[in-house]
Amino acid sequence: MEISEKLLCLFSAEVREADDGEYVVDVPNREIETGSLEPGETYRVALVARDGAAASTDDADSAPSRNNDGPQPPVEPGEMRYVEIEDLGKQGDGIARVERGYVIIVPDTEVGERVKIEVTEVKSNFAVGEVVEEAG
């Protein structure tokens with residue numbers, strides 16, 4: 001399965017029927033709180049069956065190498081992502097936060113910059129990214 005580099009967030013949810021006969025997918029509060037999504041905006045949504053090729057992340061058998069000691073980092077090495085620098089670290093590197101408040105350190109950036117990065121290193125509690133493009 002190919003996943004777009006424009007992916008903003010990933011979560012599991014049920015599709016439920018609303019009172020008006022429409023169907024609804026509830027977005028977790030954390031996606032709004034972390035700034036991944038904005039209320040009132042329109043987004044493209046992809047649905048993947050739980051028993052399909054991309055099984056639910058709750059299914060430990062689908063990822064035998066996964067460590068179940070806690071949440072996994074929301075990024076992977078080589079992943080491209082647009083981020084906004086929110087803060088500076090002790091050594092002057094830019095800090096961006098993504099899903100669940102996970103920190104990505106981006107050297108040579110300033111607070112308020114929006115940049116496209118490539119994730120170069122991933123640890124359990126932070127990642128490091130390199131700027132590949134100024135986003136404005």
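**Entry 1: a strand pair**

I began with β3 and strand β7 (residues 114–122), which pair in the antiparallel sense over five bridges. The model I am reading is a predicted one. I looked up V83 and found that its bridge partner in β7 is V115.

**Entry 2: the sheet**

I then traced the whole sheet. Six strands make it up, running in the order β3-β7-β8-β6-β5-β4. I noted that the sheet is open and its pairing mixed. Which strands are at the edges? I found β3 (80–84) and β4 (87–88) there, each pairing on one side only. For my own reference, strands of a sheet pair through backbone hydrogen bonds, either parallel or antiparallel.

**Entry 3: the second largest pocket**

I turned to the second largest pocket, which holds about 450 Å³ of space. I listed 17 lining residues; L8, G35, Y82, V83 and R114 lie nearest the centre. Which element gives the most to this lining? I found that β3 does, with four residues. Sorting the lining by class, I got eight charged, six nonpolar and three polar residues.

**Entry 4: T109**

Last, I looked up T109, which I placed in the loop between β6 (103–106) and β7.

Technical notes:
Residues are numbered from 1 along each chain as its sequence is written. This is a predicted model: local features need pLDDT of at least 70, side-chain atom pairs count only at pLDDT 80 or more; totals for chains, interfaces and linings use all residues. Side-chain values use heavy atoms; hydrogens and water are left out. Two strands pair if DSSP finds at least two bridges between them. Helices (H or I, at least four residues) and strands (E, at least two) are DSSP runs, numbered from the N terminus. On a 1 Å grid over the protein atoms alone, a cavity is a set of points where a 1.4 Å probe fits but cannot get out, and a pocket is an open set with protein on both sides within 12 Å along at least five of seven lines; lining residues have an atom within 4 Å of a point. Grid points are joined across faces, edges and corners, and a volume is the space filled by probe spheres set on the points. Ala, Val, Leu, Ile, Met, Phe, Trp, Tyr, Cys and Pro count as nonpolar, Asp, Glu, Lys and Arg as charged, and the others, Gly among them, as polar.
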